[in-house]
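Here are my notes after a look through this one. Have the chains open while you read.

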Amino acid sequence: MFRLQQGHELGNAKMTTVMQDSRGWIWCGAQNGLFRYDGLHFQRIQLADTFRQAAVSALYEWNGMIWAGFSNGAIGRIPTTGNFIPALTGDAEAEKKFAPSLSLWQIEEGLPQQEISAITADPSGALWMATYGEGLYVWKNNRLYQFGLEDGMSSLDLYALACDTQGRIWAATDAGINLCQISVNGQKQVQHLGSENGLPDEIITCLSTDPQGNIWIGTQEMGIARMDAQTLRPVFTTPNWAYGEISTLTVFGSKEAWVGTTRDGLIRVDLHHQGAMPLPDNHPLRHTKTHALWKDREGLLWSVMDKGQLYVAEVRFGIWQPGVSAVQTLLSDRQRRCWAGCQDGLYLQDKPSGPFRKVLADNVISLWESASGEVWAGTFGNGVAVLDDQGRVRRQLNERNGLINGSVLNIGGRGTEVWLATLGGVMAIGAEGKGEVQVQTALGTSYVYKVLTDRQGRVWFGTDGKGLAVLENGVLRFITEINGTVIKTVYSIVEAPDGQIWFSTDREGLFSFNNTDYQHFTIENGLHSQQITGLAVDGNGLVHIAYEDGFDLLNPRRKNHVMFCAAAAGGINLNALCTDATGNVWMGMPNGIIRSAAYDEPFLDDPQPGITAVSVLLKSVDFQQQNRFPYNENYIIFNFSGLWFTNPDVVSYRYKLEGFDPDWKVSKDHLASYPNLPPGKYTFRVQTSEHGHFEEVPEASWSFFIEHPFWQQWWFVLLCLLAGISLLWWTIHNRETRLQKEAGLKRERVQAQFETLKSQINPHFLFNSFNTLITIIEENPKTAVQYVEHLSDFYRNIMAYRERDFISLKEEMLLVKDFCFLLEKRYETGFKLQVNLGDTKGQIMPLSLQLLVENAVKHNIISASKPLVVEILSEQDGYITVRNNLQRKIKAEPSTHFGLQSLIHRYELIGAKPVIVAETSAYFMVKVPV
Amino acid sequence: MVLFFQIIAFLAPLFSPADGPYRCNNGKVYFHSKASLESIEASSNNLRGAIDPANRSFAWSVETASFTGFNSPLQLEHFNENYMENSKYPRINFTGKVIENLDFSANGKHSVRAKGKLNIHGVEQERIIRSDVEITGNKIRVKAQFTVFLADHDIHIPQIVHQKIAEEITVNIDAVLQN
């Protein structure tokens, strides 16, 4: 029953204390260390130097942290959800860096100097620390307070602490109990409980809280006691305690307490009859010291024993009646004493859990207790003996006084009617030996293994060959087929607390009947075997199914939830199971009687899954905080645990990554790895089972995201779309503008050409030209010919250039010179053109310079006395300047101002440098870009 | 103040001259308030104290009016009149007992914790104050640093001054006692 927990990680560590945290991990304090345990491996917690030379003397979980008190008064803490890195990186440095470590609790007031004997918290959020030598400390509102002698403490040496349902702190001392509190207004309150309050012993060595919130005390000499929270007096005590000083205790439901002693090992105290049972004399833990006990959430008892060994025990199952062996039939009577029928006789306990004495020498194979407390013992060949509660035979029933056969396989009944299943058939008689003997002939002479009268008054018979029979309202009915399965032989029939009938067959497995429907259980449903030797249902409704090599516990409230417990070979006999008045099941085994306790306290009955670590790209991440990862951090490894200290080796896992895996994967491994996950939303789910069936099992899950790369993000797509649209719009807009400009330019040019032509064929110009011509024809016919040539050149050039956007400066100057020749002939000395272009080359709008010269002629007085000098000069900055001396006509020539404006405008449209117009008192000047 | 003298008076006849109480009249108290906008420091050299080695009890007392070193005379006035109300509560007292079983005849440095009642502004709070004790012959030098929450002692400072006066004041003690 007690399994030593060992691991190479422990080294030579000597354990001092043990506890389980809220997430299920076992924490073990040692002489020189602190460990976290999952049932398979111990993980050493790094300790600061302050703690090194000291032993862990107290452990407590509070505020998401494990608080460890040490023998030198130091207190350390470590978060329970800390970074317990999985050993998978292979990087020893990183593992060391991230290894979980206990850090010193640093407070201004300083920590105690004496051993911390206990730590506990109250509901108001204060943390209480008991010391051995310095009294009681409390950490409240970020201040440390002390309860010392002057505050009313009975002693400064405290052994233990407990918090009751009213928030009072119970402190165990050598001089009774101190109930400590800090009132609302900050006053320290201490109430003393001593022998005047009925304490059996004033030296209180340990305290414990039971599931109902009662405080239990363990004393130095007088055993244990339960304290009533209202009257503050003990309501349960253990008089005649014979096992010395108690060092620790823990309470299971309202049924039993487990007590650790300083010299007698572990003692089980039955809370119903105050019986204290030590371990068997030859047990290695019988005469040893117990340092610490802890009841875990699976109902296992952890103990730290004398030399610092850690044990775990499934105390729910235990061989508690080793005195008798080869039990054929078993009965627990209303006084909770066991009756055991064996081949060599019938044995009875004088008190519960006490030793057995033989009360009958017959080969007893069946037992039944009547309503009046008489026990009927059916024998092999010698009829039935009816005994009183002291084991004295009251009367005998045999073939001579009406029994049809002397071998009685089973006895059942209710009220005044007793049914006897004999090798010669089934009969009913009055319970007090009176009444009619009634033989159930319809059942024939075939064997009937079991008779059960249920609470509804129906009588059920398990036959060999005729299946299940039931007698209801005087009608006998045979059930030989259930949902297509043929039932021939029924061995065992029991009624569960909820009224369901359970029966086992020779080879078809187990059935249940809830008065309307049958349910069938086979190895498919997780049964260990279909060779069932016996049945019993405990007070919690768990069906105990006995086999040759052990027994199953079937939980009918869960689907396919069966737990197998191996036992010594030889098996449990058909009648050797019984349920006692408090719901425990007793089973007769070849090596004694085993008890399966039905604790009235809920314990977990599944391994508990938990995700312990998540690594991304082989690096552990804080998955409690972070659940979003970039697209390239998509290699994820999950570590998980399935804490199940009952049997850590059998735990199997089923996991699935929602969003990736189509199906569940079943594995015994503690990790799952997913390289190269595409972006998306995932949920990792893991379930644990101890029997390989994953219906209705607990689950742990964690959801996370792998983000899309930025080029797949909505904002990026939107941005690109926007940029595209902008670019398109900009292109179209540009093109539109350019086209508009071009159209404008074209229009301007057409107009300019028109205007130029109009001005050149201006009758005035022609008239003047012809006048000049007339004058020179007579005087100088040669010059006249030249004149006409220039005139025609001029007109031809106009025609030639007007279609072009640009002409070279040279071409323009030829045009200007033709024009000026005509003007010089006309005005003679009144007009002068001076050209100084140097070697300037470039392009220019056609007729632009000619236009400027023409304007000068048009707007200025021209005479021999006031000659008009037009200069065409080239400038350094890429301009051609046309300037004339300013001598405005008094009467201005009618003008549209179109010429100059059009020139300026056309240069604007092509986007060249602007045309500059300047006027001083002496000059009028226009600069045209080349 | 009355309590302080009662204790001194009570303790006095109990001591034989050899291991009588250790006393001090000129211990130094220094406090420091570090708020976001202003740092205030003040100190007093008038700390009086007594330690009785027989039962490890002690009594300390300082007049609030003896503190000097504020940033301005106005601050000193505020300290005395508005916050400490030294006309009503002229003294700060700390009386109690050393938790550790300290041997006063053993020369050397010891770290002990003093548990007692700290009375500031007429409001008594139980405190455990960690102190460094250095014993040399008939002299004991006591050094300690601890924090005082103004709210614990019913000293209310207007909201607007919170940036100038910390709600948590750090106090340092340095005193040499002699018997």
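First, a term: a residue is buried if 20 or more other C-beta atoms lie within 10 Å of its own, exposed if 12 or fewer, and partly exposed in between, with C-beta atoms placed from the backbone. The model is predicted, so local features need pLDDT of at least 70 and side-chain atom pairs count only at pLDDT 80 or more, while totals for chains, interfaces and linings use all residues. Residues are numbered from 1 along each chain as its sequence is written, and chains are lettered from A and ligands numbered from 1 in the order in which they are written.

1. Start with A:N63, which has 11 C-beta neighbours inside 10 Å and therefore counts as exposed. Its loop lies between β6 (56-62) and β7 (65-70) of chain A; strands here are DSSP E runs of at least two residues, helices are H or I runs of at least four, and both are numbered from the N terminus. A:N63 isn't a glycine, yet its phi is positive, about 60°. Most residues other than glycine have a negative phi.

2. A:N240 also has a positive phi of about 60° without being a glycine. You'll find A:N240 in the loop between β21 (234-237) and β22 (246-252) of chain A, and it is exposed, with 8 other C-beta atoms within 10 Å.

3. Now helix α5 of chain A, residues 781-801. Its 21 residues should span 30 Å at 1.5 Å a residue, and the end C-alpha atoms are 30 Å apart, which agrees; the expected span is 1.5 Å times one less than the number of residues. Buried on α5(A) are A:Y787, A:L791, A:F794, A:N797, A:I798 and A:Y801. They cover an arc of only 130° around the axis, so they sit on the same side of α5(A) (the arc is that of the directions from the helix axis to the C-beta atoms). The face turned away from that side carries exposed residues, including A:K782, A:E789 and A:R796.

4. What does α5(A) pack against? The axes of α5(A) and α6(A), residues 809-827, come within 9 Å and cross at roughly 145°. Axes are lines fitted to C-alpha atoms, for helices over the stretch in contact, and angles run from 0 to 180 degrees between N-to-C directions.

5. Chain B has 2 helices and 8 strands, running α-β-β-β-α-β-β-β-β-β from the N terminus. Buried residues make up 31% of its 179 residues. Across the chains, 9 residues of chain A are in contact with 10 of chain B.

Key. Two residues are in contact if their C-beta atoms, placed from the backbone, lie within 7 Å.
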